[in-house]
Amino acid sequence: MSESRRAEEARGIDSAPHLARTDRPRDGRPGRTDRVALSSLVAAHAISQTGNVVTAFAVPFYVLGLGGSGAEVGLAAAFATAPVIIGGPLGGVVVDRVGHRRAAIVADLVSGASVLAMPVLALTVGLPFWALLALVFVGGLLDTPGQTARRVMLPGLTERAGVRIERSVGLLDGSERFAKMIGASIAGLLVAAVGPVASLFVNAATFAVSAALTRALVPAPDPVRTGSPNPRDDHPTEPSDDAEPARASYLADLAEGARFVVSDPLMRLIVALVLVTNLLDAARGSTLLPLYANDRLGGAAALGLLVATMGGCALAGNVAFGFVAHRVPRRVTFAVCFTLAGGPSSLAFALGAPLPALVAATALSGLAAGALNPILGTVQLERTPEHLRGRVFGLVNAGAWAGIPFGALLGGVAADTIGLAVAFGIVAAVYTTVTLAPLTGGDWRLMERPRPLDDRPPAPSL
C-alpha cells in the first residue's frame, strides 16, 4: 500500500475506487456498460426488497390466522428482525472477505430458500408457530449482509457511471421506497385474495430474480484488492499495487471496524438516534399497524394502502430531494424531515382519525422520509475508508437495528395491555423528541458536507 494511501486512510479520507475503465469510450465519458451495471444493482435491490415487504405482510396475518395474539405477532416480527444484530457485524466482515458481488448473490439465494420452505411446509406437513419463527430467523440472517454488499458496491459503480454520489445513494434508497410502494400493493392484494401462505411463493421468486440479475449484469470487483474488473469474479488474478495486505484474522477485521465506529463521534450519534427511531418504527410498523388494520380498518387491504402510500410518497420525496441534496444544509434538513417522518402519522393513529386522514398523514411522513437515507448514506460513505466499508456498514446497521426486535415485541405487548391508541401516542411523543436532537449542534455539525480545499480560508500567518 502506498504511503499516500496510508495517509489518506489515517485521516479518514475516502479515496476514489481503484476501478479500471476498460469499457469506457476513449474520451473518458461513462460507457453504456457502466450505466447498465449501476441500474442493475439498483433494480436487484428493489426486487429483493419487494419480497421482504410481502413477507412483512404475510407473516403477521398467518399468525393471526392461527389464532395468535398481539404478543405472538410481535414475537414473529422480533424473530424477523433479530438476525440483523447478528448478520450485520459478522456478515459485514464476510462481505469484505468473500467479495461484495458474491456475497449479494449468496445472500439472496439463501434467503429465498428459507422463505420458500414456509409455504411448502404449510401446504404439506404443516407449519407450526415455532417452525415459522425458525424459518423467519434464518431467512433474515443473510438479508442484511446482502443489502450491505450492494451498498458497498455502489460508490465504485457510481464513479464509473459518472453520477453524483448523493444522486446514486438516493437512487438506491428510492428503490427501497419503490419496493415498499409496489410490494405493499401486491402483498395486500395477495394476502386478501389467496392468503398469507400462497403469497410467500412470490417472495421466494423475488430473491431468485435479484440473484440472477446481480449475477448477469453487475460486475463488482473489490476496489481495494483488484486490478481490472472481471464481471464473473470478485477476485481477479492481477492485484493492483495498492492492494491491501493480507488480513490477520476474522476477529481482527471485526475489531478494526468496531474501533472506527466507536472513535467517530458522528457515527456514534447516528447509531444512537436511529436505534431509538427504528425501535419505535418496529413497534408501529411491524406490530401496531397490522393489529390496527385488522381491528379497525378491515384487514390487509387497508394496511397495503397505507404502506403503499408511505412508500410512494417517500419515493417522490427521494426523487425530489435528489435534485437539491447537494444544495441544502444537511443537519437542519435531516432533523426537520426526521421529525415529520414519524410524529404526525403516529399521532393520527393515536387520535383514531378516519382512513382518509390516516392516508394524508402517512403521505406527509413519506415525503419527509425521502430525504433521510440519502443524507445518512452519503455521510457514511464520505467518512468511512473504502476498505472498511463492509464491516463498518454492517456494524452501523446492527447498532441501528438493535432495538427493532424489542420494538416489535414491545409493540405487541403494549397493544395487549395499554391499547393501540395509547401505544401510538407514546410513539408519537418519543419520536418527535429524539429526532429534534441534531438541532442542538455539537458533533451533529460534522454531518455537513466537507468544504473543498479551494474554498477554505488560508491559515493565519505568523
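A crossing of two helices is called left-handed if the near helix is turned anticlockwise from the far one by less than a right angle. In the predicted model described here, helix 13 passes helix 14 in such a left-handed crossing. The overall composition of the chain is given before this pair is taken up in detail.

The chain contains 18 helices and zero strands. Of its 462 residues, 53% are buried. Among contacts between residues at least 6 apart in sequence, 85% join residues at least 24 apart. The accessible surface of the chain amounts to about 18900 Å², and carbon and sulfur atoms account for 67% of that surface.

Two packed helices are described by the angle between their axes and the distance between the axes. Helix 13 spans residues 330-350 and helix 14 spans residues 355-369. Their axes lie 7 Å apart, and the packing angle is about 165°. Because angles over 145 degrees count as roughly antiparallel, helix 13 is roughly antiparallel to helix 14. On the side of helix 13, the contact is formed by Cys-337, Leu-340, Ala-341, Gly-342, Pro-344, Ser-345, Ala-348 and Phe-349. These residues meet Leu-358, Ala-361, Thr-362, Leu-364, Ser-365, Ala-368 and Ala-369 in helix 14. By class, the contact of helix 13 with helix 14 comprises 11 nonpolar and four polar residues, with no charged residues.

Helix 13 also packs with helix 11, which covers residues 265-297. For this pair the angle is about 25° and the axes are 12 Å apart. Since angles under 35 degrees count as roughly parallel, helix 11 is roughly parallel to helix 13. The crossing of helix 11 and helix 13 is left-handed. Helix 11 contributes Leu-273, Thr-277, Arg-284, Leu-289 and Tyr-292 to the contact, while helix 13 contributes Phe-334, Phe-338, Ala-341, Gly-342, Ser-345, Ser-346 and Phe-349. The residues of this contact divide into seven nonpolar, four polar and one charged. Ala-341, Gly-342, Ser-345 and Phe-349 of helix 13 are listed in the contact with helix 14 and again in the contact with helix 11.

Helix 11 also holds Val-271. With a relative accessibility of 15%, Val-271 counts as buried, because the cut-off for burial is under 20%. Val-271 and Ala-400 are 129 residues apart along the chain, and their C-alpha atoms are separated by 5.0 Å. When neighbours within four places in sequence are left aside, Val-271 is in contact with Val-396, Gly-399 and Ala-400.

Asn-318 is placed in helix 12, residues 300-324. The relative accessible area of Asn-318 is 4%, and the residue is therefore buried. Beyond its neighbours within four places in sequence, Asn-318 is in contact with Gly-170, Leu-171, Asp-173 and Gly-174, and also with Gly-370 and Pro-374.

Val-95 belongs to helix 4, which runs over residues 83-98. A relative accessible area of 1% makes Val-95 a buried residue. The C-alpha atoms of Val-95 and Arg-391 are separated by 7.6 Å, the two residues being 296 residues apart along the chain.

Two further buried residues, Ala-414 and Gly-441, were examined. Ala-414 lies in helix 17, residues 404-417, and its relative accessibility is 16%. Setting aside neighbours within four places in sequence, Ala-414 is in contact with Gly-419 and Ala-423. Ala-414 and Phe-424, 10 residues apart in sequence, are 9.5 Å apart from C-alpha to C-alpha. Gly-441 is located in the segment after helix 18, a helix that covers 420-435. The relative accessibility of Gly-441 is 5%. A C-alpha separation of 9.7 Å relates Gly-441 to Val-332, 109 residues apart along the chain.

Terms used:
Residues are numbered from 1 along each chain as its sequence is written. This is a predicted model: local features need pLDDT of at least 70, side-chain atom pairs count only at pLDDT 80 or more; totals for chains, interfaces and linings use all residues. Side-chain values use heavy atoms; hydrogens and water are left out. Helices (H or I, at least four residues) and strands (E, at least two) are DSSP runs, numbered from the N terminus. Buried means under 20% relative accessible area, exposed over 50%, partly exposed in between (1.4 Å probe, protein chains only). Contact means heavy atoms within 4.5 Å. Accessible areas come from the Shrake-Rupley method with a 1.4 Å probe; for residues, only the protein chains shown count as cover. Axes are lines fitted to C-alpha atoms, for helices over the stretch in contact, and angles run from 0 to 180 degrees between N-to-C directions. Angles under 35 degrees count as roughly parallel, over 145 as roughly antiparallel, 65 to 115 as roughly perpendicular and the rest as oblique. Ala, Val, Leu, Ile, Met, Phe, Trp, Tyr, Cys and Pro count as nonpolar, Asp, Glu, Lys and Arg as charged, and the others, Gly among them, as polar.
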